[in-house]
Amino acid sequence: MKDEYDFSNAQQGKFYKPDLRLIPPVRLDPQVLDFLVKRAEAKGTTLNELLNALLKKDIELIEAA
């Protein structure tokens, strides 16, 4: 690395995106993942669609309680 860098032409906030939403990765146990993949294949849907449906039902149950 250089001892000094010239930032005289730098533009503040050039890459700032106020509406950017970062989606964190979700880590599943291998056994859980295997079960869900098989279940999604059996239903003829994607893993993403199955997980979203399951989580939406859980949210409904939590809010109803």
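Tutor: Let's start with Ala40, whose place is in helix α1. Keep in mind that we are looking at a predicted model.

Student: Why does Ala40 count as buried?

Tutor: Its relative accessibility is 2%, and buried means under 20%. The value falls under that cut-off, so Ala40 counts as buried.

Student: Which residues is Ala40 in contact with, leaving aside its neighbours within four places in sequence?

Tutor: Those residues are Thr45, Thr46, Leu47 and Leu50. Contact here means heavy atoms within 4.5 Å. As for Leu51, 11 residues away in sequence, its C-alpha atom is 8.8 Å from that of Ala40.

Student: What makes Leu36 buried?

Tutor: Leu36 also lies in helix α1. Its relative accessibility is 8%, and the limit for buried is under 20%, so Leu36 counts as buried. Beyond its neighbours within four places in sequence, Leu36 is in contact with Leu28, Leu47, Leu50, Leu51 and Leu54.

Student: How do you know that α1 is roughly perpendicular to α2?

Tutor: Helix α1 covers residues 30–43 and helix α2 covers residues 47–64. They pack at an angle of about 105°, and their axes are 9 Å apart. Angles of 65 to 115 degrees count as roughly perpendicular, and the angle here is in that range, so α1 is roughly perpendicular to α2.

Student: Which residues of α1 and α2 meet?

Tutor: From α1 come Leu33, Leu36, Val37, Arg39, Ala40 and Lys43, and from α2 come Leu47, Leu50, Leu51 and Leu54. Sorted by class, this contact has 8 nonpolar residues, no polar ones and 2 charged ones. Arg and Lys count as charged, whereas Leu, Val and Ala count as nonpolar.

Student: What follows α1?

Tutor: Gly44 does, and its phi is positive, near 70°.

Student: Let's turn to the segment before α1. Why does Phe7 count as exposed?

Tutor: Phe7 is found in that segment, before α1. Its relative accessibility is 63%, and exposed means over 50%, so Phe7 counts as exposed.

Student: What about Ala10, buried or exposed?

Tutor: Ala10, also placed in the segment before α1, has 54% relative accessibility. That is over the 50% cut-off, so Ala10 counts as exposed. From Ala10 to Asn52 is 42 residues in sequence and 42 Å in space, C-alpha to C-alpha.

Student: How many aromatic pairs are found in the whole structure?

Tutor: The search finds 1. The pair is formed by Tyr5 and Phe7.

Student: Why is the pair of Tyr5 and Phe7 called tilted?

Tutor: The centres are 6.4 Å apart, which is within the 6.5 Å needed for a pair. The planes make an angle of 40°. Under 30 degrees would be stacked and over 60 edge-to-face, so 40° is called tilted.

Student: And what makes Tyr5 partly exposed?

Tutor: Its relative accessibility is 45%. That value lies between the 20% and 50% cut-offs, so Tyr5 counts as partly exposed.

Technical notes
Residues numbered from 1 in each chain as written. Predicted model: local features only at pLDDT ≥ 70, side-chain atom pairs only at ≥ 80, totals over all residues. Heavy atoms only, no water. Axes fitted to C-alpha atoms, helices over the stretch in contact; angles between N-to-C directions. Helix = DSSP H or I, 4+ residues; strand = E, 2+ residues; numbered from the N terminus. Parallel < 35°, antiparallel > 145°, perpendicular 65-115°, else oblique. Buried < 20%, exposed > 50% of the residue type's maximum accessible area, 1.4 Å probe, protein only. Phe/Tyr/Trp six-rings, centres within 6.5 Å; stacked < 30°, edge-to-face > 60°.
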